[in-house]
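Me: Hi! I'd like to learn how to read a protein structure. Could you take me through one?

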Amino acid sequence: MAFTLEKIPETDPLADPKRKVIIDQIIDQNKDLPGNTMVVLNELQSQIGFISEPMQHYVATRFHIPVSVIHGVVTFYSFFTTTPRGRHTVKFCLGTACYVGGIPQLIEKAKQLLSIEPGQTTPDGAITIELCRCVGACSQAPVLMVDDEIIGHVRPNKLPQIFKPLQEEAKETA
């Protein structure tokens, strides 16, 4: 897809004047630092929530580097995302103990309950499900991470109890 900064979708953070100010501040405050690309991308991910294709082009333009450099970094590191995430992120640990402990069944149950695949966000924007590597809680396998909280010894019948408050909270804040 050919892209130009003149054709920014209205849903993109660059099209929102408040978020554009944040993007410009992040770039301006970090442009002279060593390793500025990673610093800026980390800050954008943290403060905006994702790094869209237009944002990648914008950073590349501001840094006078090819967009392929920015895109390469964004797509290489798994903690960067190019689309908005849900208000809550539920990560399924794929470490050996969790895998043997039943994480594949938990993933299938989550897909059924939420009607999304790993890497996707529910239509209401409440929950993004992701797969991750070992979270270091093997004694509690199988493990989920809900935002930054580890929940261990999870069974498929417990998923509705985990998801429901996250979905209700999203409705209240919408």
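Reply: Gladly! Let's start with a term: a contact means heavy atoms within 4.5 Å. In this protein chain, residues 24 or more positions apart account for 62% of the contacts with a separation of 6 or more. This is a predicted model, where local features need pLDDT of at least 70, side-chain atom pairs count only at pLDDT 80 or more, and totals for chains, interfaces and linings use all residues. Residues are numbered from 1 along each chain as its sequence is written, and side-chain values use heavy atoms, leaving out hydrogens and water.

Me: How many helices and strands does the protein chain have?

Reply: Helices (H or I, at least four residues) and strands (E, at least two) are DSSP runs, numbered from the N terminus. Here there are seven helices and four strands, in the order α-α-α-α-β-α-α-β-β-β-α.

Me: Which residues are buried in helix 1?

Reply: Buried means under 20% relative accessible area and exposed over 50%, with partly exposed in between (1.4 Å probe, protein chains only). In helix 1, Ile23, Asp24, Ile26, Ile27 and Asn30 are buried. They lie on the same side of helix 1 because they cover an arc of only 160° around the axis, taken from the directions from the helix axis to the C-beta atoms.

Me: What do the buried residues of helix 1 pack against?

Reply: Their partners are helix 2 (36–48) and helix 3 (53–63). The face turned away from the buried side of helix 1 carries the exposed residues Pro17, Lys18 and Gln29.
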